Amino acid sequence: MDFFETIMFPFKWLVSVIMVGFHEGLTVIGLPAANGWTWTLSIIGLVLVIRAALIPVFVKQIKAQRGMQLLQPDLKKLQDKYKGKTDQLSRQAMAQEQMAMYKKHGTNPFSACLPMLIQMPFFFALFQVLSGISSAKTQGKGIGAMSQEQVIQFDESSIFGAPLSSALLHGGATNVSVVVLSIVMILAMTASQFITQKQIMAKNMSEEAMASPFMRQQKMMLYILPVVFGVGGINFPIGVLIYWTTTNLWTMAQQFFVIRRMPTPGSPAAKALAERRAAKGLPALPILGGKKADAEAEAAAAAAVIEQKGQRVQPQRKNRKKK
Amino acid sequence: MHNVTAAVVHILPGVAAAGRVIWNLPKNILILLLMAYRKVISPLYGQVCRFFPSCSAYALEAITVHGAVKGSWLAARRLARCHPWNAGGVDHVPAGHRRWPENRTPRIVVLNNPDKYLAAQTDGEGRAAA
């Protein structure tokens, strides 16, 4: 076992144990153990576990983005300070000041590096498990928590006549089902990614964010990722594609939910939510909605709070009179 | 005898240079890997880091300034700090002992310390104008 395999071993074990756990559970409730759909559902179960584990990180990020509204004036000041200074060093200086500002306000719109980095070995482990099935079968071995029988079972199972362990470019090109299913999933992944990205850009970005250079990168992603899906899609086995497609669909659903229920302040989606709430006669959420009108409303609210505090002093006077 | 010493004197700088190349190899391999990551993979994710400089910029500077071993250790500690329950903010690489000739400061060091080098830059411009 080389160095790399030693590092990957615990991840492979964890990934396979979750999948096998789902498989056992599904057979207990009566699904046929050797059926491709049972294994497909196990893979989907694995996606659900991994993505659900990441929900707290995601919620934290959403909350931080909502908190951004409060530092909009400071952010504007900073942008004015660096207006027209387009050289790289000035931009770095601006980024530095911006980060210091986020820390000062205790709200940071970025999700941090560690959660992203932790996902990588898991995805890689899953890939190794699913794509290693065929060779493990011929070598007569198990993978991680999967026994030899389960490896054989997985390798021989199929959906719509396409074996879960076959890939389009690696022996699957002769099987029409594999070709069709691979292409369908590549298209599904690309479509869901396009829709997610378009949704974010069209509905859930404040005007400031739309104008930032960061947007250029985002737009590039729109065209790079479909290529990645396409190249991966014809190389990876059906099992990996099921995982990938499900993750993408989760991301899309999560984004729909966020845009509808917790949109970015100052974005069209936030205005839409404010209108929906107004139509139902619900009070406006203070943190969402327009920019200037909102700041004024906040100032008025703050003034009201101060007034209230002033009034609360009165009972003390009454007490004094009693003495 | 004289010829032998002359030959040794000729060979020594070559040996020293080769030694330096080998000594710096781990550091330079890591620097190349980090640069490739920052060019190719990082843009796919957009900004996720909660710090300035970002974790990859921090790692690149740390390894440039402190070498492969201490630099990697510093970078690993920074990554451990970059989680959603840390407020983030400005977090510079601690100063190291490596020195560079003027105008030969590595680009990443300049970019990660805009305060210091922006002041130096405007200073230089002022002097040039005067």
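B:Asp91 is buried, with a relative accessible area of 16% (buried means under 20% relative accessible area, exposed over 50%, and partly exposed in between, using a 1.4 Å probe and protein chains only). This is a predicted model, in which local features need pLDDT of at least 70 and side-chain atom pairs count only at pLDDT 80 or more, while totals for chains, interfaces and linings use all residues. Residues are numbered from 1 along each chain as its sequence is written, chains are lettered from A and ligands numbered from 1 in the order in which they are written, and side-chain values use heavy atoms, with hydrogens and water left out.

**Salt bridges around B:Asp91**

- Side chains of opposite charge can pair when their charged atoms come close.
- B:Asp91 forms a salt bridge with B:Arg78, with 2.8 Å between the closest N and O atoms (a salt bridge is a side-chain nitrogen of Lys or Arg within 4 Å of a carboxyl oxygen of Asp or Glu).
- B:Asp91 sits in the loop between β2 (89-90) and α4 (107-112) of chain B, and B:Arg78 in helix α3 (residues 68-81) of chain B, so this pair ties together parts that are 13 residues apart in sequence.
- Helices (H or I, at least four residues) and strands (E, at least two) are DSSP runs, numbered from the N terminus.
- B:Arg78 is buried too, with a relative accessible area of 0%.
- B:Asp91 also meets B:Arg81 in a salt bridge, at 2.5 Å from N to O.
- Here B:Arg81 belongs to helix α3 of chain B and B:Asp91 to the loop between β2 and α4, 10 residues apart.
- B:Arg81 is partly exposed, at 27% relative accessibility.
- Together, B:Arg78, B:Arg81 and B:Asp91 are linked in a network of salt bridges.

**A salt bridge in chain A**

- Over all chains, the whole structure has 5 salt bridges, and one of them joins the side chains of A:Lys76 and A:Asp80 at 3.4 Å, N to O.
- A:Lys76 and A:Asp80 are 4 residues apart in helix α4 (residues 72-81) of chain A, so about one helical turn separates them.
- A:Lys76 is partly exposed at 41% relative accessibility, and A:Asp80 is partly exposed with a relative accessible area of 41%.

**Where chain A meets chain B**

- The contact (heavy atoms within 4.5 Å) takes 27 residues from chain A and 32 residues from chain B.
- The area buried between the two chains is about 2800 Å², and carbon and sulfur atoms give 69% of it; buried area is the accessible area (1.4 Å probe) that two parts lose on being put together, summed over both.
- In chain A, A:Leu89, A:Gln96 and A:Cys113 lose the most area to chain B, together 22% of what that side buries.
- Between chain A and chain B the count is 0 salt bridges.
- On the side of chain A that touches chain B, the elements giving two or more residues are α3 (55-67), α5 (88-105), α6 (113-131) and α11 (214-235) of chain A.
- The largest share of that side, 10 residues, comes from α5(A).

**The surroundings of B:Ile31**

- B:Ile31 lies in helix α1 (residues 2-45) of chain B and is buried, with a relative accessible area of 13%.
- Leaving aside residues up to four places away in sequence, B:Ile31 touches B:Leu60, B:Ile63 and B:Thr64.
- B:Ile31 and B:Gly67 are 36 residues apart along the chain, and their C-alpha atoms are separated by 9.8 Å.
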